[in-house]
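Open the model in your viewer and keep the selection panel at hand. We will take a short walk, stop by stop.

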Amino acid sequence: MNEDLIKNALEEDNLDAFRDEFTELHPYDQAKLYMKLDKEIRSKIYHYLSPEEMAGLFENLEIEEDEYEELLSEMNPTYVADMLAQMYADDAVDVLNELDKDQVVSYLTIMDDEAAQEIKELLHYEEYTAGSIMTTEFIAISKNQTVRSAMYILKNEAPRAETIYYVYVVDEDKKLAGVISLRDLIVSDDDTMISEVMSDRVVSVSVSEDQEEVARKMRDYNFLAVPVVDFQNHLLGIITVDDIIDVMDEEASDDYSKLAGVSDLDRMDRNPVGAARKRLPWLVILLFLGMMTASLIGRFEETLNQKAILAVFIPLIAGMAGNTGTQALAVAVRGIATGDLEQESKWKLILREAGTGVITGATCGVLVTFVVYFWHGDWFLGFLVGLSIFSTLIVATLAGSLVPLLMHRMKIDPAVASGPFITTINDLISILIYFGMATLFMSYLK
């Protein structure tokens, strides 16, 4: 890709040179170059590319949600409406969902009626559901027609369809009856009825199903597309694998953000004030939880006054509890996100994590007992620290696995049980166990 040649063509207003180079690029490369250009240079592209050509570029943009409004404001409203009409309906809906309602109404009003109606139907579906990511640009044929007539329909409608690898079959009531692959259509005899060659064991998703569940189903079945139906099994649209890849990326980024105690981590805020505003809510919550930890330590002030050496091991015990709790949390959240926990008993996970806590706690407890003894020459101090680590690792491991399971049961995103949150909770628990044991056995310490 000769970026300099394309930029020079734009700066020199050389339409032919620009189109010769730019239109030969893949739409993804066009989108990357488009975003590198200054606003003033970018404005020339709208005069050099048709709305249809611009639609292909826009479908491949990888930008932040709030940038769509800025880019569209550079174009003539009629040009924008024509471009959105040329995009696949589900991609156009993704763009319109990031705009103000007044802007959406304005673009739909000046858009071609057929395209506007198709987009309006998709805009009504709740966000993050199968309906919000499906496309209505698919090919459906009747089970009561021949392969010859089906191929005629396929050839005529293929240019407007998002994918033709699967052709879905409906009955007289427009209900999903089966599916037939493009390969089976090609190799079948022209006079064969579709009902004879189609597969009636078709996997579909409900229009209201969560997009994460749809992604999991497509992953499990290795589908390139999946049909979307309503509660009466009417075929409404299809979801293609490219949209599911976007969903998986979005969900993974969202879960990672929550595990880190940050919202919208995927958005690289150029403004430090904006970044701080997103992080502060979690930090304020964790600040008050930390104050509770400090208050708890203050309640054991008398114990610390009698044996100041106990303070040395506070970071060790709290840190070990936080680390092991985060490990258990990651296992539980991943199991919920991938659906693995649906295939095995949740009690099995809890028992396994409890066993892991016992083994890791015993190992670390024995090691630290000997280390403390050789360091301070006090067997009982070593035993106290070792026993505290043994107990806290068991409790922290159980907390790390139980908290996300409880949240999932309460229909709350388990990723909300983020690393910083579970770490702070385990700090409280570990301090309580450590100083509780120290107070109880104070008379045995040297």
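Which residue caps the N-terminal end of H15? Select Asp210: a side-chain oxygen of Asp210 lies 2.8 Å from the backbone nitrogen of Glu212, capping that end of the helix. Bear in mind that this is a predicted model.

Now select helix H15 itself, residues 211-221. Colour its buried residues: Gln211, Val214, Ala215, Arg216 and Met218. An α-helix has 3.6 residues a turn, so residues three or four places apart point the same way. Keep that spacing in mind as you look along the buried set.

Next, jump to a pair of helices. Select H21 (346-376) and H22 (379-409). Two packed helices are described by the angle between their axes and the distance between the axes. Here the axes of H21 and H22 come within 7 Å and cross at roughly 155°. The angle is over 145 degrees, so H21 and H22 count as roughly antiparallel. H21 passes H22 in a right-handed crossing. Show the contact residues of H21 with H22: they divide into 21 nonpolar, eleven polar and two charged.

Last stop: the loop between H21 and H22. Select Asp378, which lies in this loop. Is Asp378 buried or exposed? Its relative accessible area is 5%. The cut-off for buried is under 20%, so Asp378 is buried. A polar atom of the Asp378 side chain lies 3.2 Å from the backbone nitrogen of Leu381.

Terms used:
Residues numbered from 1 in each chain as written. Predicted model: local features only at pLDDT ≥ 70, side-chain atom pairs only at ≥ 80, totals over all residues. Heavy atoms only, no water. Helix = DSSP H or I, 4+ residues; strand = E, 2+ residues; numbered from the N terminus. Buried < 20%, exposed > 50% of the residue type's maximum accessible area, 1.4 Å probe, protein only. Polar contact = N/O pair within 3.5 Å; in protein donor to acceptor, adjacent residues only side chain to side chain. Axes fitted to C-alpha atoms, helices over the stretch in contact; angles between N-to-C directions. Parallel < 35°, antiparallel > 145°, perpendicular 65-115°, else oblique. Left-handed = near helix turned anticlockwise from the far one by under 90°. Nonpolar A, V, L, I, M, F, W, Y, C, P; charged D, E, K, R; others polar.
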